[in-house]
Amino acid sequence: MGAILESLGFEFPKFLWQVVNFLILLFLLKKFAYKPILNMLDERKKSIEDAINNAETAKNEAEKMRKEYETRLAEAKQEAQEIMAKATKLGEEMKHEIVANAQSEATKAIQKAQEEIKREKDQAIAALRDEVAVLAVMAAGKVLGKSISVEDHEKLVKEFVSEVGDLKC
Amino acid sequence: MSAAAQEGGGIHHGPADPLFDITIPGTDFHLPIYNFVITSWVIMFILVFTAWLATRNMHRMPKGIQNVWEYIVDGLFSFFGGIMGEDRARKYGPFLGTCFLYILLSNYSGVLPGAAMIKGFVPPTNNVSITAGLAVLVFLSVFYFGIKAKGISFFKHFFQPMAFLFILNVIEELVRPVSLSLRLYGNVYGEETIVAQLGEMVPLLVPVPMMVLGLLTGAIQALVFTLLASTYIAGATEEHH
């Protein structure tokens, strides 16, 4: 086989040169090409994967938040409605109360007024009675033609009043 | 190395190859610098320098040369990933990718106009010593990666499916680097020779179709070499159940 190779122009120093050169090239390309580029490709792949994952997560998060907000909004709406209903009811109740109060107040006032009137009337009647008694005694005195002394006068009035007092006027 | 230098000193192929010798001071040792070595260095420089430019200041949003190199590396690694799975492509991709890039640029270096006229400008892959170098590296890497991945049980596959097939398996293993190196060398050398011969006969236009074909062959041979190497490595590192 050696003879065949030699006839083809095989030379051992060239062979060795080639092996050495190739190993040097392999070393240098590993250092300057394969390692940094593969690292970069890996890094890029990872960053793209991360970005996609992050986007997915963010999307899910946003969807979740949207749902949450929708629920909250619905809740808030319901709550507002409840509050409105409550307020309306409360207002209605207050109206009724106020009206009732006013009515009872009015009734009381009327009652009081009536009492006042009655008392005034009683007083007037009493005063009138006294006056009438005095006038009657005086008239009687005039008729009798003699004045009545102050003591008799008072005595007569009292008797008259006590007698008349029992009568209904 | 000294043995190699002595051996290399005696054999000369073509005019001025090695281009010159470097004598290590204080010794009798001559380091022959061949034409292809210079071309190799140019190829290595282009690859390493552009890679350095691309990765010197990397951005998450790639642009310019970084984009080109990312495209190359990603393309190569997904290609290997399709053969052996992503995890193993990560481990063996650098070796295989370097094979592909080096062979591709070597093949294409011969297509450049006037390539043959510049001293020290010879496509490395049209020399069997160079393709043998690559093939032997693949051969060794199969053992290296295989033993690294599976330990001693790597050698089991030599006795499968039957123990008596051991000899055949060994021959198969040994033939691989030979076929790898001869295929690559033959294709590139043949291509170069045809273009050169045609160019000598009719220098204008006629060699153009062959040169276009050369572009195709260059890429295909780089791909075939790398594909075979990756299937060898994939086979050697495969986990059996």
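**View 1. Crossing of helix 2 of chain A with helix 4 of chain B in the predicted model.** The axes of helix 2 (residues 12–144) of chain A and helix 4 of chain B come within 10 Å and cross at roughly 110°; axes are lines fitted to C-alpha atoms, for helices over the stretch in contact, and angles run from 0 to 180 degrees between N-to-C directions. Helix 2 of chain A is therefore roughly perpendicular to helix 4 of chain B, given that angles of 65 to 115 degrees count as roughly perpendicular, those under 35 as roughly parallel, those over 145 as roughly antiparallel and the rest as oblique. The crossing is right-handed (the near helix is turned clockwise from the far one by less than a right angle; anticlockwise is left-handed). Helix 2 of chain A contributes A:Phe22, A:Leu25, A:Leu26, A:Leu29, A:Lys30 and A:Tyr34, which meet B:Gly93, B:Pro94, B:Phe95, B:Gly97, B:Thr98 and B:Tyr102 of helix 4 of chain B. These contact residues divide into eight nonpolar, three polar and one charged (Ala, Val, Leu, Ile, Met, Phe, Trp, Tyr, Cys and Pro count as nonpolar, Asp, Glu, Lys and Arg as charged, and the others, Gly among them, as polar). Residues are numbered from 1 along each chain as its sequence is written, with chains lettered from A and ligands numbered from 1 in the order in which they are written. In this predicted model, local features need pLDDT of at least 70 and side-chain atom pairs count only at pLDDT 80 or more, whereas totals for chains, interfaces and linings use all residues.

**View 2. B:Phe95 in helix 4 of chain B.** B:Phe95 is buried, with 24 other C-beta atoms within 10 Å (buried requires 20 or more, exposed 12 or fewer, and partly exposed lies in between; C-beta atoms are placed from the backbone). Neighbours within four places in sequence aside, B:Phe95 is in contact with A:Leu26 and B:Ser141, contact being defined by C-beta atoms within 7 Å. The C-alpha atoms of B:Phe95 and B:Val224 are separated by 15 Å, the two residues lying 129 residues apart along the chain.

**View 3. The kink in helix 4 of chain B.** Helix 4 of chain B has a kink of about 60° at B:Tyr92, shortly before the proline B:Pro94; the bend is the angle between axes fitted to the seven residues ending at a residue and the seven starting there. Of the 24 residues in helix 4 of chain B, 18 are buried.

**View 4. Packing of helix 2 against helix 4 within chain B.** These helices of chain B pack at an angle of about 125°, with their axes 10 Å apart, and helix 2 is therefore oblique to helix 4. Helix 2 of chain B passes helix 4 of chain B in a right-handed crossing. B:Thr39, B:Ile43, B:Ile46 and B:Leu47 from helix 2 meet B:Leu101, B:Tyr102, B:Leu105, B:Ser106 and B:Ser109 from helix 4. The contact comprises six nonpolar, three polar and no charged residues.

**View 5. The side of chain B that touches chain A.** The contact takes 37 residues from chain B and 31 residues from chain A. On the chain B side, two or more residues come from each of helix 1 (2–10), helix 2 (35–56), helix 3 (65–84), helix 4 (86–109) and helix 5 (128–150), where helices are DSSP runs of H or I with at least four residues, numbered from the N terminus. Helix 2 of chain B gives the largest share, nine residues. This side of chain B divides into 23 nonpolar, ten polar and four charged residues.

Note on methods
Contact = placed C-beta atoms within 7 Å.
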